Amino acid sequence: MKWYNIINFDELEKEKIHRFHINDKPYCLIRLVDEILCFMDMCPHQKAEMSYGKLQSLITTNGDNELVVSDCKEVITCPWHGWEFKVRTGESVFCSKKKYKLIHLPTKVEKNNIFVKAN
Amino acid sequence: MENDVITKKTPIIDCDIHQTYTSHHELLKYLDEPYKTRVKESGFGYPGGLYYSVAGGVRKDSFPTDTEKRLPGSSYDLIKKQLLDKYNIKYALLNGGGMLGISLMTEQAFPSRLAKAYNDWLIENWLPLDKRFLGSMMVAAQDPEEAAKEIRRLGDNDRIPQVLLSSITSMPIGQKFFHPIFEAAHECNKIIAFHPGGNQSSGTAPVPTPVGFPQYYLEWHTLLPNAYMSQLTSVVVEGVFEKFPGLKVLLIESGISWLVGYMWRFDKNYKSLRKQTPWLKKLPSDYIKENVFFTTQPFEEPFKQSDLTAVYEMLGIESNLLFSSDYPHWDFDDPYLTTKGFSKELQEKILFKNACGLYQKEIM
C-alpha cells in the first residue's frame, strides 16, 4: 500500500463524485463537508459502478411515518438497484454486515493535496 | 476446479432486454390513417405506471451519451457495449419498452394496429442490427381474433419466436375468450410470454391486489407474482395445455421461489376437486413442468445462497429456468452473479442450454 496524490483539495467540488483510477482500478472520491472519503467504484451487490450513482440525503422518519431529510448528502445510491450506502462508513443503510459495505481506502490532505492509500 | 465453474466464455442467452424508440414518431410510418394522425397528435395513449419508484425506472449508467438517442434502450451501440459483448451474449430477446399497456386499453382496433406497427418497426429497425437479436411480437389481448391474425402474419418469421403479453389482463388469461391467441401461437410454434406491463388498475386492469391498492412501489413490486399465480392457475385449470399440448408459456419477471408452496397447494386441491375440471388429465405441477418456463430476473436473494439451491431442488424445474437481465431497467441482473453458487451444470442450463431448447437455437 502506498499514498497516491489524486487531486488538489480546492478542485474537489463538495458533494460531487470524483472518479479516478490507480493502476487501472476505478475509485470514487467525495468531499463531504470537509471530510475526504474514498471507496472502490464498485457496489458490493452486483458490481455496478457507484460513480454513476447519486449522492443524496439520508431519509429517515420521525416515528410517525413522516419523512426526515438530512442536511448533507451523506448517502450514495447505487445506479442499478438503488441500494443506499452511508458515505462516511460505507455501510449499507439496511444492514451493517461487511459483505454489504463499500470498500473504503484511507485518505489524507497534505499541503492542499488529497492523497489516497492504495495498492 | 477450473472445470467446475463457468467462465466469461460461457455463452449466454438473455431472455429479457428492453430496446425502445426515442419517440412515438418512429412508429408513424408503420401506421395507416386515421391512426397515424392520432398517434402523431396524441401519442400512443396506453396506460402507464401507477407507482413511483425511488430507484428510478432504469440503470443510471444506461443513458446514451454519444448519440442523438437519449432514452435507455434506444442506442444499439450502448446495448452492445453494456450487455451483448460484455457478457458473451449469443441471443437476446427484445421485449420492447412500455408497449404492453396496449392490452389494457378500452378500445380493440387501435391497440391491434399499434401492435402491428410496433412489430414492423421491430423487424425493420432492430432485428437487422445484430444477428443475436430475437424479437417478441406484441398483440392486443382484448382482441383475440386480431391477435391471432397478427401471430399468423409473423408465423414464418423465425427471428420472432414469441408473443409477449402483459401479465395483467382484464380477466384470467386461460378463459375461452383468449383461446384464439393460444391456438395461433400453438399452430405457429410461438411461445406465449408474459411480462409485467400496463400497471394493474390502469386502463381495463383490475385493482393491483385482492385487498385493494397498496401505497408504495415497494409493495407493488413485491406483489408482482400475484398476477402470475392467477394467470398460471387460469391457464392450467382452463385446460389450455390439454387443448394445445405443445404450447410453451414463459413467465418473465415472475420470480420462482413462490412456486414451491404454490405447486404443493395446487396439486393437493386438484386431488380433491378434480371432478369440476375433468378435462385435466395430470397434476397441475405436471403441466407446469412440461409447458411453463420462467426467467430469473429479478432473482431472489436470500441471505444464504444455499437456501436458493434447496428451493431449486424442491421445485424440480431445472430445465425450465432461463436467464434474463432486464437491461436497462433498474433491477438489472448480472448473469454471472445471478447463477453464482449453483453447480456448473445448473449454471449452464440457466444461462443458455434451457433457452436453446425453448427457442430451438444452437450455439456453435
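**Close-up 1. Leu358(B) is a buried residue of a predicted model.** Its relative accessible area is 8%. Buried means under 20% relative accessible area, exposed over 50%, and partly exposed in between (1.4 Å probe, protein chains only). Leu358(B) sits in helix 13 of chain B, residues 344-359. Helices (H or I, at least four residues) and strands (E, at least two) are DSSP runs, numbered from the N terminus. Beyond the neighbours within four places in sequence, Leu358(B) is in contact with Ile191(B), Lys248(B), Leu250(B), Phe293(B) and Leu322(B). Contact means heavy atoms within 4.5 Å. Pro161(B) is 197 residues away from Leu358(B) in sequence. In space, the two are 9.4 Å apart, C-alpha to C-alpha.

As this is a predicted model, local features need pLDDT of at least 70, side-chain atom pairs count only at pLDDT 80 or more, and totals for chains, interfaces and linings use all residues. Residues are numbered from 1 along each chain as its sequence is written, chains are lettered from A and ligands numbered from 1 in the order in which they are written, and side-chain values use heavy atoms, with hydrogens and water left out.

**Close-up 2. Eight strands of chain B form an open sheet.** The strand order is 1-2-3-4-5-6-7-8, with parallel pairing. Strand 1 and strand 8 of chain B stand at the edges. Each has a single partner strand, so one side of each is left without a neighbour in the sheet. Two strands pair if DSSP finds at least two bridges between them. Strand 1 (residues 12-17) of chain B is largely enclosed by the rest of the structure, because six of its six residues are buried. Four bridges join strand 1 to strand 2 (residues 89-94) of chain B, and the two run parallel. Within that pair, Ile13(B) has Tyr91(B) as its bridge partner. Further along, strand 5 (residues 191-195) and strand 6 (residues 249-251) of chain B pair in the parallel sense over three bridges.

**Close-up 3. Three strands of chain A form an open sheet.** The order is 1-12-11, with antiparallel pairing. Strand 1 (2-8) and strand 11 (107-110) of chain A stand at the edges. Each has a single partner strand, so one side of each is left without a neighbour in the sheet. Neighbouring strands of this sheet are turned by 30 degrees against each other on average, direction ignored. Axes are lines fitted to C-alpha atoms, for helices over the stretch in contact, and angles run from 0 to 180 degrees between N-to-C directions. Strand 1 and strand 12 (residues 113-118) of chain A pair in the antiparallel sense over six bridges. Asn5(A) has its bridge partner, Phe115(A), in strand 12 of chain A.

**Close-up 4. Asp333(B) is buried yet has no salt bridge.** A salt bridge is a side-chain nitrogen of Lys or Arg within 4 Å of a carboxyl oxygen of Asp or Glu. The nearest side chain of opposite charge is Arg59(B), 9.6 Å away. Lys and Arg count as positive and Asp and Glu as negative; His and the chain ends are not counted. Asp333(B) is found in the loop between strand 8 (321-322) and helix 12 (335-339) of chain B. Its side chain makes a polar contact of 2.7 Å with that of Gln46(A). A polar contact is a pair of N or O atoms within 3.5 Å; within protein, one must be able to donate a hydrogen and the other to accept it, and residues adjacent in sequence count only if both atoms are side-chain atoms. Leaving aside neighbours within four places in sequence, Asp333(B) is in contact with residues including His81(A), Gln297(B), Phe323(B) and Thr338(B).

**Close-up 5. Arg153(B) and Asp120(B) meet in a salt bridge.** Their N to O distance is 3.0 Å. The pair links distant parts of the chain, 33 residues apart. Arg153(B) lies in helix 4 (residues 144-153) of chain B, and Asp120(B) in helix 3 (residues 109-125) of chain B. Arg153(B) is partly exposed at 36% relative accessibility, whereas Asp120(B) is buried at 17%.

**Close-up 6. Lys282(B) forms a salt bridge with Glu290(B).** The N to O distance is 2.7 Å. Lys282(B) is partly exposed at 25% relative accessibility. Glu290(B) is also partly exposed, at 43%.
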